[in-house]
Structure formats: structure tokens, C-alpha cells
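Take a look at the structure shown here. This report walks through some of its parts, one group at a time.

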Amino acid sequence: MTTDKAKDRLYDTTLLVGVFRRRTAIKTLAQMPDTSGVVALARALREGHPERRRIRSVLRKLLPLRDNNKITALWAEWAQAPDPELAKIVSALGCPSGRTQDARFVRAVLAAATSAAAPEILLAVAAFARSLPVNDEASNDGIYAAWIRSQSVELERLIHEQSRQASSPALEALHALVTGRLDRYVELNDSDGMLLVHAFHMAPEPFRESIARTVGASSDRGLLENYRRALSSGAADTASNVENLKLVGDEDGLFEVTRSLCLLDVVDLCERWASSAGRPGGTQQRAAVERALSAHRTLGTFKVERTEPLPEGLVDAFEWWNHEKPSDEQLRSDLDSPDPFQKARGLYLGREAGLVDDARLREAARSEHWPQRLVARLLEPELFPETQQDHVFWVSACAGDASLLLSPIDGMPEDYAHHIMLLGQARSPIGSRTRAFLEILGEFQGVFVANAIVIDEGTETADRGAVEIEDAPHVNF
């Protein structure tokens with residue numbers, strides 16, 4: 001039977017005799033001296049051929065010494081479209097022996113290792129990688145890259161067992177830190193910490209968590225400093241930095257990163273400090289944390305929950321007003337409207353447009369209509385700290401919480417002074433919570449912001465190198 005005829009009969013569906021013709025074709029294609037037969041069988045297997053069990057059986061009977069070219073062809077076919085079915089077979093057959101692999105072929109096989117790849121595919125890549133020359137840097141770089149992409153345990157183990165060295169020491173530093181081999185990392189002599197910085201840049205998030213655990217298990221202060229330098233290099237977002245610093249147990253690093261957080265995130269860190277003995281090492285920082293924790297204890301159980309979605313067909317009034325985008329003329333008309341909701345729209349959007357001043361908001365806060373009182377307190381909760389028997393007062397309180405919780409720790413001295421002023425005014429029945437938030441905010445801003453020096457580049461001075469220092473009220477130096 002010719003090759004073409006065997007390929008045709010491989011898909012024969014003739015009643016009764018079709019199954020016999022397909023099986024004969026499978027046997028014929030497997031025994032052909034050239035590689036086209038096994039390639040045809042591999043493609044049929046990928047396509048879900050009805051005789052796939054028989055195809056698997058004949059392909060598994062290929063022998064490296066006798067069928068080396070056919071095995072090579074199977075690997076090449078699989079590399080073009082990696083699939084788990086054929087991966088099991090090529091893994092079992094092993095890699096072609098007695099020949100130097102083409103560089104493009106090597107790259108194609110290693111490229112199959114991705115984070116989304118099936119376990120069978122990763123096993124096949126590892127089996128292939130194990131056969132590559134150990135002293136070839138190009139191959140080793142490809143194996144390291146495949147390991148980083150896929151986070152394959154098999155490739156990770158192979159790199160260690162075969163002591164594969166990459167062209168970049170940063171790759172080896174990454175492998176050593178991810179696998180917890182601090183002795184190997186020390187051998188790389190990362191005195192300035194740049195290998196760790198580069199390794200951290202290359203690491204996907206699961207690897208960064210492993211690095212954090214490795215650093216956390218070490219008592220080497222130099223390693224911790226290098227790790228902190230890696231975090232501050234901008235390789236990860238702030239949220240990831242916080243989580244990694246928690247894993248490492250770096251209290252000094254956690255305190256330092258609070259300058260880039262908002263109060264809500266710092267309250268979460270206070271939860272952590274409240275349940276552990278860890279504290280920053282600096283006297284000022286430790287004292288600030290202890291005072292913040294005293295305020296935090298007065299909050300009791302504190303939880304921020306997302307609101308439930310509106311029922312189908314309903315739209316949030318404030319979102320609807322923003323969507324309408326009325327002109328300034330329309331907003332002025334709203335402000336004079338007898339309709340409470342129309343006037344509320346004018347207040348809400350007019351404030352941002354500069355059409356509504358504090359006096360008008362205070363007037364709205366005394367209105368007999370609750371929509372106007374609600375908008376006034378949502379827009380400027382700090383203007384209305386007084387207690388009233390009014391359901392919108394509680395909205396005012398919650399709006400104040402939201403405003404405070406989103407306040408950044410970093411800022412200017414006047415921000416700190418403003419919060420200290422508000423702390424003195426928080427005297428309402430629900431003011432205890434507001435005071436606690438303000439006290440926590442003030443403690444951290446007191447370290448990072450209170451004594452800040454402002455350089456004003458817009459004012460000319462007689463001395464080009466002069467620095468202008470402004471007084472900050474309510475700030476104790």
C-alpha cells in the first residue's frame with residue numbers, strides 16, 4: 001500500500017470494512033521507512049481520530065536506536081502545535097539522540113512552556129530540556145526563560161540537578177532565591193543588591209512570594225536591605241509591595257511604605273500590628289505605631305463592605321446627573337427651582353463648576369427638604385460636624401469617614417495641620433470614630449509630613465540656591 005493510499009484509508013468510513021481499512025492504514029503508516037507516516041498519525045491523533053488508542057500504541061513502539069528520525073519528526077510536529085495527547089507520547093519516547101539540535105527547533109519546544117500549559121506539556125518540555133547540553137549558555141538561558149514563564153516544578157528541579165548556569169547571574173540569583181538556596185545566592189556575591197533587584201524585576205508574582213519567604217527565613221540584614229531596595233525599584237505595585245513585606249516580616253519596610261498609602265490601607269496595617277509583636281526598629285516610628293494602635297483599639301470591629309448592585313432598571317441619581325452633563329445655565333436654573341430634586345442636582349454639580357459657595361451649602365443644609373440637606377453633607381461633611389436629629393446626618397458622618405479613609409499619608413505640612421484642626425473639632429456622638437481615624441492619620445503624617453521642607457521654584461530670590469521655609473500652624477517641631 002502506498003503512502004497516499006494509506007493516508008486516505010486512515011479516514012475510511014465504509015460500512016463494515018472501514019474499521020479494518022483504518023487499522024491496516026495505521027500499521028502501514030507506522031512501518032514506512034520515511035517520517036511522513038508517523039507525522040500523519042500524529043496529526044490524526046491531534047484531531048481526535050476514532051482509532052486514537054491504536055495510534056498511541058503503535059507510536060509508543062518506536063525505538064530510539066531504530067527510529068531516531070521518526071522520533072525527531074514527532075517532536076518537530078508537536079513543537080508546531082503542542083497538545084497534551086502527543087506530549088505524553090514524545091515524553092515516553094525521549095529525545096532524539098546522537099545529533100545536535102537546531103537552535104530554532106530548541107526554541108520552538110521550549111516555547112511550549114507557558115503558565116497556561118497543561119501538565120503533560122510541561123513534562124514534555126522538561127524531558128526535552130534534560131537532553132540539551134549542560135554547558136551551552138544559549139540552551140540554559142532558554143530553559144531559565146521557560147521556567148520563569150511556566151513556573152514549572154520540573155524545570156526548576158532540572159536546573160538545580162544539572163547545575164545549569166545561565167549567561168546572566170541575575171537568572172541564577174532568581175532561581176536560588178525562589179528555591180530557598182541562600183548558599184547559592186551568597187556565592188553570587190551580590191554585594192550591592194543589584195542581582196536581587198534584577199531578579200525581582202523578572203519574577204512573576206508567585207516567584208516574588210517565594211523570594212519573600214526565602215528572605216523572611218534569613219537573619220541576614222544585608223539580604224533584607226537588598227530586598228527592600230528591590231521593592232523600592234518600582235518593579236511591583238504598592239499593594240504587592242505591602243504583601244511581600246508582610247511575608248518577609250520587614251516592619252521597618254512596612255512603616256516606610258505607608259507614606260505611599262491612604263488611611264484605609266494603614267488601618268489594615270494597624271490590624272496586623274495589633275495582632276503581632278512586630279514593630280519598626282526606629283524610636284520615632286515605633287512610638288508612632290504604638291500611639292496609632294491606641295487609637296485603633298477604640299474603633300472596635302471595623303469593616304468596609306461593597307454596596308449591593310441596584311435592582312435592574314434603577315440608576316444611581318448622582319451617576320445619572322453626571323451622565324446628563326447639564327450646562328452652567330441649566331445648573332443656575334436648577335438652583336432657583338422649587339423642585340427639591342432639581343435644586344439638589346444644581347447643588348451637587350454646581351459645586352464642582354464653581355457655582356455654589358459655602359454659604360449656599362449651609363443654607364441647603366438647613367432646608368426643609370432632605371435631598372438638599374443630603375447633598376450639602378455629602379459634598380462638604382466637614383462643614384456640618386454638629387449633631388442633628390436628622391437621618392442625613394449619618395450620611396454626613398459616613399461621607400466624612402470615606403473622605404478620611406481615602407486621605408493619603410504623604411502630603412504637605414498644611415495637610416497635617418488641617419487634620420490636627422479637625423481632630424480638635426470631632427466632638428459629636430459619633431466623633432469617637434472620626435477622632436480615631438484622625439489620630440491614626442496624624443501619627444503617620446507626623447513622621448512623614450509635619451516637618452517637610454517646601455521648595456518654591458516659582459518665587460525668585462537673590463540667591464539662586466535659596467530654600468524658602470514656610471510656617472506651618474499647629475505643627476510642633
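## Exposed loop residues

A residue counts as exposed when its relative accessible area is over 50%, and as buried when that area is under 20%. Lys325 has a relative accessible area of 71%, so Lys325 is exposed. This model is predicted.

Lys325 sits in the loop between H20 and helix H21 (328-335). Its backbone has a positive phi of about 50°, although Lys325 is not a glycine. Ser163 also has a positive phi of about 50°, and Ser163 is not a glycine. Where is Ser163? It lies in the loop between helix H10 (153-161) and helix H11 (169-178). Ser163 has a relative accessible area of 53%, so it counts as exposed.

## Aromatic pairs

How many aromatic pairs does a search of the whole structure find? It finds 13. Trp321 and Tyr348 form one of them. Their ring centres are 6.0 Å apart, with 50° between the planes, and the pair is tilted. Trp321 belongs to helix H20 (residues 317-324) and Tyr348 to helix H22 (residues 340-352), so this pair ties together parts that are 27 residues apart in sequence.

Is Trp321 buried or exposed? Its relative accessibility is 10%, so Trp321 counts as buried. Tyr348 has 22% relative accessibility, so Tyr348 counts as partly exposed. Elsewhere, ring pairs link four residues into a cluster: Trp75, Trp78, Phe105 and Phe128.

## Nonpolar cores

In soluble globular proteins, nonpolar side chains tend to be buried together. In this model, the largest nonpolar core has 108 residues. Which residues have the most contacts inside it? They are Trp75, Trp78 and Ile440. Trp75 and Trp78 are also members of the ring cluster.

Ile440 touches Leu263, Val266, Val267, Cys270, Ala292, Ala295, His296 and Leu299, leaving out residues up to four places away in sequence. A second core is separate and has 14 residues. Trp321, Val356, Ala364 and Ala376 are among them.

## Around Arg351

Arg351 is part of helix H22. Its side chain makes a polar contact of 2.6 Å with the side chain of Asp358. Set aside the neighbours within four places in sequence, and Arg351 is in contact with Gly346, Val356, Asp357, Asp358, Leu361, Leu379 and Glu380. One of these, Val356, is included in the second core.

## Val106 and helix H7

Val106 lies in helix H7 (residues 103-110). Its relative accessibility is 9%, so Val106 counts as buried. Which residues does Val106 contact, leaving aside neighbours within four places in sequence? They are Gln101, Phe128 and Leu132.

Val106 and Ile143 are 37 residues apart along the chain. Their C-alpha atoms are separated by 9.8 Å.

## Helix H14

Helix H14 (residues 205-216) has 12 residues. It reaches 16 Å from its first C-alpha to its last. That is close to the 16 Å expected at 1.5 Å a residue.

Which residues in H14 are buried? They are Phe207, Arg208, Ser210, Ile211, Ala212, Thr214 and Val215. An α-helix has 3.6 residues a turn, so residues three or four places apart point the same way. Phe207 and Ile211 are among the buried residues of H14.

Definitions and conventions: Residues numbered from 1 in each chain as written. Predicted model: local features only at pLDDT ≥ 70, side-chain atom pairs only at ≥ 80, totals over all residues. Heavy atoms only, no water. Phe/Tyr/Trp six-rings, centres within 6.5 Å; stacked < 30°, edge-to-face > 60°. Helix = DSSP H or I, 4+ residues; strand = E, 2+ residues; numbered from the N terminus. Buried < 20%, exposed > 50% of the residue type's maximum accessible area, 1.4 Å probe, protein only. Polar contact = N/O pair within 3.5 Å; in protein donor to acceptor, adjacent residues only side chain to side chain. Contact = heavy atoms within 4.5 Å. Core = buried A, V, L, I, M, F, W, Y, C linked by side-chain atoms within 4.5 Å. Expected span 1.5 Å × (residues − 1).
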